[in-house]
Each structure stands twice: as structure tokens, then as C-alpha cells.
Amino acid sequence: MLVTMKEILDKAKEGHYAVAAPNVDNEHNLRACIEAAEELNSPIIIGVPIHSKPNPDICYFGRIMQDIAIRASVPVAINLDHGGSYDECVMGIRAGFTSIMVDRSKLSFEENVAEVKELVKVAHAVNVSVEAELGHVGGGETYAVDGYENLTEPDQAAKYVEETGVDCLAVAIGTAHGFYKGEPFIRFELLEEIAKKVSVPLVLHGGSGTGDENLAKAAKLGICKVNLSIDLRQAAIDELNNADLTGYGLYGFYKYIAKGYKDKLSHYIRILGSEGKAW
Ligand SMILES: [Zn+2]
């Protein structure tokens, strides 16, 4: 069942759990994600970053995603992750995504509000959800426990949501994209304060490497969506490395990759508390 991200996240907020948002780039890991969600009877949000290197044809892939999501037995939202320019975001809407992330987190507050507000107007006109980011979630390679900057400021976040009309908000509370250099330090007090002041569901980027306990706790304190990529890819590679690919075993190549992806995602679905929450 193809749904908007807003439908999934509003229910998650009410139920105090989070929904996994795996990044995919081809039909194999896309199907693996949907199978994991179906087996655990969980809603799922499947994302493709706009500049996905393995699958640069977002328009075509969006149509494939839509077609497969419609047939799923659980609610599936498809999200254009880290949407780029105005044109790219509109292209995502046209490609059939039921949600777009308009990432303007590197701009000033005023510029961020102005650009996101404009795309919210366009997206909502055709029932597409919008995620935006305030504060900035950086890369794990430059992660420093004490020096991590650009965290989300609660009062500013409340004002931002009010002014833009976004459906959910990605917050910077200490996670980072990609591989962490050092241990992640999540500011749970900050998350609680943001959750108290902001009316829409909150999103955590950089879920990989954050740790099961941290993610479970974040899900209880107001995070409703957790983006995952690196950990799923690593699990797929590990599965492939342990497989017997000799002779006709070679034909199992994609099967092993999909299994690694699926098993790791199933683990995260359970951790985040969305198992059994499909409708
Ligand atoms: Zn991200």
C-alpha cells in the first residue's frame, strides 16, 4: 500500500515509536526492504538520495518504487531523500515520490524558511509530504564529540515548523552521516526539549553506527523516523563475503546482498518499535 510519509509519521508520533527509513538504489534492495517490513507487519519509509550514484535516474526509479510499493501488504512511503534544487524536488514529485526532503540546512534560517515554504506549497497541492532539516547533520568523518556544532535549537525549530508548514523535521542532536570517527554522543535532553516544543514528528539522520540503545531511546523520546544506509550496505557485503559463490553459486549474488540488507533492516525495525504497527 502506497501512502504518504505524513500518514506513517503521525501514527508513529502518537504511538511513541519510530519507523525505519532505509536508503535504496535498486530493485534488489528495494524489494528486500519491503519484504522485511511485510514479515514484521511494519510500516516503512523507503528513501533514495537525489544524488544516488548507483541509480542516477531518479525519475525512472521513482516509477519502479511506486509500482512495487502499491503491491506491498504494509504501508510504504517513498521519499526523495536530501532533495536538491527546486527543479529536482519538483521532478521527485512528478516521479511519484509520496514525500520529498527539502534539505536547506546549510542556508541561513531565513533562506531555509523561504525555500522550503515554497516547495511545501507545491508538494501539498498534490498530497506529497515534506521533510526539512534545521541545524545541520554533518558527516561522520568530521565527527568530534565535543566540537559537534550546528545542533538544532528548540525554540527556533518550533518557529521554523510554524512558518514553513513542513510535515516532519530532521534534527541535529549529535548523529552524523556515514562512518563515525569516534563515539556518537546523542543529546537526549535536547531531543526532549525539541519534542516538547515542535508539533510535527522528528527525524533522525545518520542512524547507522549510532547504537541500538541510543536509537531505541531516541524513538521513545520523539524521533519517529530513522534514516539508515551504511549499516545495511555493510551487512549486505558481509553476507556476500560469507557466501559460497563457487560454480553456479554465482547465481546467488543478488540474493545474498538482499538477505544481508533485509536481516539488518529487520533488526532495526524491531529496535525502533514499529513491528506490528502496520494497518
Ligand atoms: Zn541524511
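**Entry 1: terms and ground rules**

I count a residue as buried under 20% relative accessible area, exposed over 50%, and partly exposed in between, using a 1.4 Å probe and protein chains only. I am working on a predicted model, where local features need pLDDT of at least 70, side-chain atom pairs count only at pLDDT 80 or more, and totals for chains, interfaces and linings use all residues. Residues are numbered from 1 along each chain as its sequence is written, and side-chain values use heavy atoms, with hydrogens and water left out.

**Entry 2: salt bridges**

I looked up the salt bridges next (a side-chain nitrogen of Lys or Arg within 4 Å of a carboxyl oxygen of Asp or Glu). The structure holds 13 of them.

I began with Lys-6. Its salt-bridge partner is Asp-10, with 2.8 Å between the closest N and O atoms. Both residues sit in helix α1 (residues 5-15), four residues apart, about one turn of the helix. Helices here are DSSP runs of H or I with at least four residues, strands are runs of E with at least two, and both are numbered from the N terminus. Lys-6 is partly exposed at 37% relative accessible area. Asp-10 is partly exposed too, at 29%.

I then went to helix α3 (residues 58-71), where Asp-67 and Arg-71 are four residues apart, so about one helical turn separates them. Their side chains meet in a salt bridge at 3.0 Å, N to O. Is Arg-71 buried or exposed? Arg-71 is exposed, at 58%. Asp-67 is partly exposed, at 40%.

In helix α10 (residues 253-272) I found Lys-259 and Asp-263, again four residues and about one helical turn apart. They form a salt bridge, and the closest N and O atoms are 2.6 Å apart. Lys-259 is partly exposed at 40%, and Asp-263 is partly exposed at 37%.

I also noted a network of salt bridges that links Glu-35, Glu-39 and Lys-262.

**Entry 3: positive phi**

Most residues other than glycine have a negative phi. I looked up two residues with a positive one.

Asn-41 has a phi near 50°. I placed Asn-41 in the loop between α2 (27-39) and β2 (44-49). Its relative accessibility is 37%, so Asn-41 counts as partly exposed.

Asn-127 has a phi near 55°. This residue lies in the loop between α5 (109-125) and β5 (129-134). With a relative accessible area of 57%, Asn-127 is exposed.

**Entry 4: the largest pocket**

I needed the meaning of a pocket before reading its values. On a 1 Å grid over the protein atoms alone, a pocket is an open set of points where a 1.4 Å probe fits, with protein on both sides within 12 Å along at least five of seven lines, and lining residues have an atom within 4 Å of a point. Points are joined across faces, edges and corners, and the volume is the space filled by probe spheres set on them.

The largest pocket holds about 770 Å³ of space. I found 36 residues lining it, and Asn-23, Pro-49, Asp-81, His-82 and His-177 are the closest to its centre.

Which elements supply at least two lining residues each? They are β3 (76-83), β8 (223-228) and α9 (230-241). The largest share, three residues, comes from β3.

I sorted the lining by class last. It has nine nonpolar, 18 polar and nine charged residues. Nonpolar covers Ala, Val, Leu, Ile, Met, Phe, Trp, Tyr, Cys and Pro; charged covers Asp, Glu, Lys and Arg; the others, Gly among them, are polar.
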